[in-house]
Amino acid sequence: MDKTLIVHVLIVNTDGKVLLIKRAETEDVLPGVWDIPGGTLEDGEDPKEGALRETKETDLDVRNLSLFHFTSNVDQEKNKQFVRLIFTGECESSDVRLNPEDHDEYRWVFPNAVPDDMRLVEYLLQTFRVFLQ
């Protein structure tokens, strides 16, 4: 079974809100679904450096990166295990710039009050629960 290591960052602004980004409708994987910034770790890349690299795609200056949670799931159809390392990070600016080929919308939300109209990736509600403990 193949394994894929993914890094994500729960970015928190000065208001205590977290950044959610919506995958572009043209994406092959989970189009139109809300997630937090992240992506696949490159071969030989340090997880923290990979997480910082992924936050650069938002054009935010994220600091105080800290690993706080992980999730894992197996996709039997793909014969693949996905392991996610989830970091937290802070930023002062809330001015996000996205690559429209990857993401077409963003919102800052309180993790305990995510609007019902947002379809989230499967691991995110559990991540919020751990974050709020």
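This is a predicted model: local features need pLDDT of at least 70, side-chain atom pairs count only at pLDDT 80 or more; totals for chains, interfaces and linings use all residues.
**View 1. Leu98 and its neighbours.**
Let's start in a loop: L98 sits between strands β6 (80–90) and β7 (103–109). With a relative accessible area of 23%, L98 is partly exposed. Leaving aside residues up to four places away in sequence, the contacts of L98 are I21, E57, H103, E105 and Y106. For a sense of distance, R63 is 35 residues from L98 in sequence, and their C-alpha atoms are 19 Å apart.

**View 2. Tyr106 in strand β7.**
Next comes Y106, a residue of strand β7 that is partly exposed at 31% relative accessible area. Its contacts, again not counting residues up to four places away in sequence, include L19, W34, S94 and L98. Y106 and K22 are 84 residues apart in sequence, yet 6.0 Å separates their C-alpha atoms.

**View 3. Salt bridges around Arg53.**
Side chains of opposite charge can pair when their charged atoms come close. The structure holds 11 salt bridges, and one of them joins R53 to E42, with 3.7 Å between the closest N and O atoms. R53 lies in helix α1 (residues 47–56) and E42 in the loop between β4 (38–40) and α1, so this pair ties together parts 11 residues apart in sequence. R53 is partly exposed at 25%, as is E42 at 47%. R53 also bridges to E45, where the closest N and O atoms are 2.8 Å apart; E45 counts as buried at 17% relative accessibility. A further partner of R53 is E54, with closest N and O atoms 2.8 Å apart, and E54 is buried at 6%.

How values were computed
Residues are numbered from 1 along each chain as its sequence is written. Side-chain values use heavy atoms; hydrogens and water are left out. Helices (H or I, at least four residues) and strands (E, at least two) are DSSP runs, numbered from the N terminus. Buried means under 20% relative accessible area, exposed over 50%, partly exposed in between (1.4 Å probe, protein chains only). Contact means heavy atoms within 4.5 Å. A salt bridge is a side-chain nitrogen of Lys or Arg within 4 Å of a carboxyl oxygen of Asp or Glu.
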